[in-house]
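Hi everyone, thanks for coming. Let's take a friendly walk through one protein together, so please have a look at the screen.

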Amino acid sequence: MRDRSRESESKIPILGDLPIIGWLFKQRSSETEKVNLLLVLTPYIIRGPADFQNVYERKMRDHEEFAAEFYGDIPDYRAHIDYTKKVGPFARLAAAVRKEHGKLENGGDGSGDGTVITPSAAARSFPTPTTSPTTMPTNRPRPPPRPT
């Protein structure tokens with residue numbers, strides 16, 4: 001909601017500028033205009049590009065009818081844009097998300113440009129020690145023998 005106020009003054013040149021008697025040769029007017037903006041949101045469930053195209057075409061027809069009724073017939077005021085052939089930021093984001101979901105580490109099938117590395121059979125079998133921990137060699141020097 002908004003109130004717009006306008007004040008205007010019209011006068012006869014020179015005579016309207018005279019002190020005291022100039023009020024006889026000028027006119028003041030004040031005008032107040034109220035502006036109310038009404039926004040109506042209509043939710044639509046869009047399951048695919050065909051649903052979006054149908055809603056878009058219906059809204060464009062409504063817009064053309066409104067413009068013709070209130071502003072006269074306006075031929076070709078908007079060019080038709082085929083959004084199925086456009087690539088925008090949301091389409092790039094959706095493609096990146098699909099690519100990430102397809103990766104193996106994200107639960108996908110692993111198709112794509114990634115390389116899957118698995119451990120070899122030799123690396124999977126752990127070697128068992130052949131000597132016990134008490135007989136394993138150490139790098140510490142031995143203490144000198146005690147005199148008896």
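I'll start with confidence, then turn to salt bridges, a surface patch and a helix.

First, please remember that this is a predicted model. The mean pLDDT of the protein is 77, and 68% of the residues reach 70 or more.

Now, the salt bridges. Side chains of opposite charge can pair when their charged atoms come close. How many salt bridges does the structure hold? There are six. In one of them, Glu33 meets Arg4 at 3.7 Å, N to O. Glu33 sits in strand β2 and Arg4 in strand β1, so this pair ties together parts that are 29 residues apart in sequence. Glu33 also forms a salt bridge with Arg6, at 3.4 Å. Here the tied parts are 27 residues apart, because Arg6 lies in strand β1 and Glu33 in strand β2. Arg6 counts as partly exposed, because its relative accessibility is 44%. Through shared partners, Arg4, Arg6 and Glu33 join into one network.

Next, the surface. Ile12, Leu15, Leu18, Ile20, Ile21 and Leu24 make a nonpolar patch of about 600 Å². Leu24 is in the loop between β1 (2–11) and β2 (26–35). Is Leu24 buried or exposed? With 68% relative accessibility, Leu24 counts as exposed.

Finally, helix α1. Its 23 residues, 49–71, should span 33 Å at 1.5 Å a residue, and the end C-alpha atoms are 32 Å apart, which agrees. Buried residues in α1 include Val55, Tyr56 and Met60. Just after α1, Gly72 has a positive phi of about 90°.

Key:
Residues are numbered from 1 along each chain as its sequence is written. This is a predicted model: local features need pLDDT of at least 70, side-chain atom pairs count only at pLDDT 80 or more; totals for chains, interfaces and linings use all residues. Side-chain values use heavy atoms; hydrogens and water are left out. Patches are made of residues with over 30% relative accessible area and no salt bridge: like charges are joined within 9 Å, nonpolar side chains (Val, Leu, Ile, Met, Phe, Trp, Tyr) within 5 Å. Accessible areas come from the Shrake-Rupley method with a 1.4 Å probe; for residues, only the protein chains shown count as cover. A salt bridge is a side-chain nitrogen of Lys or Arg within 4 Å of a carboxyl oxygen of Asp or Glu. Helices (H or I, at least four residues) and strands (E, at least two) are DSSP runs, numbered from the N terminus. Buried means under 20% relative accessible area, exposed over 50%, partly exposed in between (1.4 Å probe, protein chains only). The expected span of a helix is 1.5 Å times one less than its number of residues. pLDDT is the predictor's confidence in each residue, from 0 to 100.
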